Amino acid sequence: MSASGPPLIFDPRRRAARLARAVGRFADADFLHRRAAENAVQSLEATLREFPVAVDLSALPGVFSQVLAGSDASVRVAAPSEPVSPDLTADPGAAPLALAEGSADLILSLMTLHWANDLPGALTQIRRALKPDGLFLGTLLGAGTLKELRAVLTEAELEMRGGASARVSPFADGFDGAGLLQRAGFALPVADVDRVKVRYSGLPALVRDLRAMGETNVLAGPIRPLNRAILMRASELYAERHAEPDGRISATFEIVNLAGWAPHESQPKPLKRGSASIRLADALGVVEHGKGG
């Protein structure tokens with residue numbers, strides 16, 4: 001980390017290795033990525049305009065194109081051979097985005113940006129790569145993701161070792177999404193949170209899915225492995241606290257959906273303060289009272 005750069009929270013090499021390991025297994029655990037892609041396609045269908053040049057910067061690309069093929073959205077996704085930085089896939093924001101400024105009508109980043117060491121910087125690079133009035137659609141995992149797993153792993157490790165290391169990533173708060181877009185220079189920013197509960201037979205099944213998604217621990221620095229005793233204790237705690245009547249456990253995922261436009265003079269703009277031609281009380285049909293009323 002340089003003195004002026006962002007803190008190194010995630011290890012880009014570790015992240016790239018997790019993604020490479022996930023490629024062969026991803027089809028068995030692509031449900032979150034598919035859900036994110038479906039949300040993005042629905043947004044595009046509602047936009048009612050064409051996007052001749054679209055670039056997919058998703059962590060594991062291909063899911064969006066599959067979902068898009070069955071839709072009415074008019075989008076041409078750039079081929080993988082067109083210039084998309086592999087470094088951005090491994091760690092968004094770690095290196096300059098290999099897209100010319102103002103070159104894309106649409107940029108997508110599905111299930112990638114929660115691994116960015118510099119999320120505002122990554123969003124700023126994406127905005128610069130858009131043409132004026134170009135659209136960005138992104139999804140990232142939010143703060144409530146895997147809250148059950150985070151708690152039981154911490155407690156089990158504290159019991160068995162007397163101390164605990166971070167095992168689940170510090171995901172961004174979804175309620176900050178629109179503010180992050182605005183800070184990066186996007187116009188008309190929108191963010192919403194899609195909360196998903198997924199049921200598993202037990203902790204090992206959840207971990208298998210996380211590995212298949214490439215979503216296991218990539219925090220920077222040394223990682224002390226969890227031994228069998230800690231994992232067994234974590235499984236017990238998970239079952240005690242989060243098991244449903246049929247014995248299956250539930251895991252929470254938060255998908256934060258982001259949408260923002262590169263600024264353009266044709267876009268609607270807020271009225272200047274004090275320019276309203278009607279009083280709020282009149283518009284609402286209510287009677288105002290003074291402080292003593």
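This is a predicted model: local features need pLDDT of at least 70, side-chain atom pairs count only at pLDDT 80 or more; totals for chains, interfaces and linings use all residues.
Guide: Residues are numbered from 1 along each chain as its sequence is written, and side-chain values use heavy atoms, with hydrogens and water left out.

Visitor: What makes up the secondary structure of the protein chain?

Guide: The protein chain has 10 helices and six strands. These are DSSP runs, numbered from the N terminus: helices are H or I with at least four residues, and strands are E with at least two.

Visitor: Why is Ala-59 called buried?

Guide: Buried means under 20% relative accessible area, exposed means over 50%, and partly exposed lies in between, with a 1.4 Å probe and protein chains only. Ala-59 has a relative accessible area of 6%, so it is buried. Ala-59 belongs to the loop between strand 1 (51-56) and helix 3 (63-69). In the protein chain, 45% of the 293 residues count as buried.

Visitor: What makes the phi of Leu-48 and that of Met-111 worth a remark?

Guide: Most residues other than glycine have a negative phi. Leu-48 has a positive phi, near 60°, and Met-111, which is not a glycine, has a positive phi of about 60°.

Visitor: Is Leu-48 buried or exposed, and is Met-111 buried or exposed?

Guide: Leu-48, in the loop between helix 2 and strand 1, has 76% relative accessibility and therefore counts as exposed. Met-111, in the loop between strand 3 (104-110) and helix 5 (119-129), has 0% relative accessibility and therefore counts as buried.

Visitor: How do you know on which side of helix 1 its buried residues lie?

Guide: The buried residues of helix 1 are Arg-14, Arg-15, Arg-18, Leu-19 and Ala-22. They cover an arc of only 135° around the axis, so they lie on the same side of helix 1; the arc is that of the directions from the helix axis to the C-beta atoms. Arg-13 and Ala-20, on the other side of helix 1, are exposed.

Visitor: What makes a set of residues a nonpolar core?

Guide: Such a core is a set of buried Ala, Val, Leu, Ile, Met, Phe, Trp, Tyr and Cys residues joined through side-chain atoms within 4.5 Å. The largest nonpolar core has 29 residues, and Leu-146 and Phe-253 are among those that touch the most other members. Helix 8 gives the most to this core, with six residues. Apart from it lies another core, of 23 residues, including Ala-59 and Val-63.

Visitor: What is called a pocket, and what is the volume of the largest pocket?

Guide: On a 1 Å grid over the protein atoms alone, a pocket is an open set of points where a 1.4 Å probe fits, with protein on both sides within 12 Å along at least five of seven lines; lining residues have an atom within 4 Å of a point. The largest pocket has a volume of about 710 Å³, a volume being the space filled by probe spheres set on the points. Of its 31 lining residues, Leu-153 and Val-207 are among the closest to its centre. Helix 8 gives the most to this lining, with seven residues.
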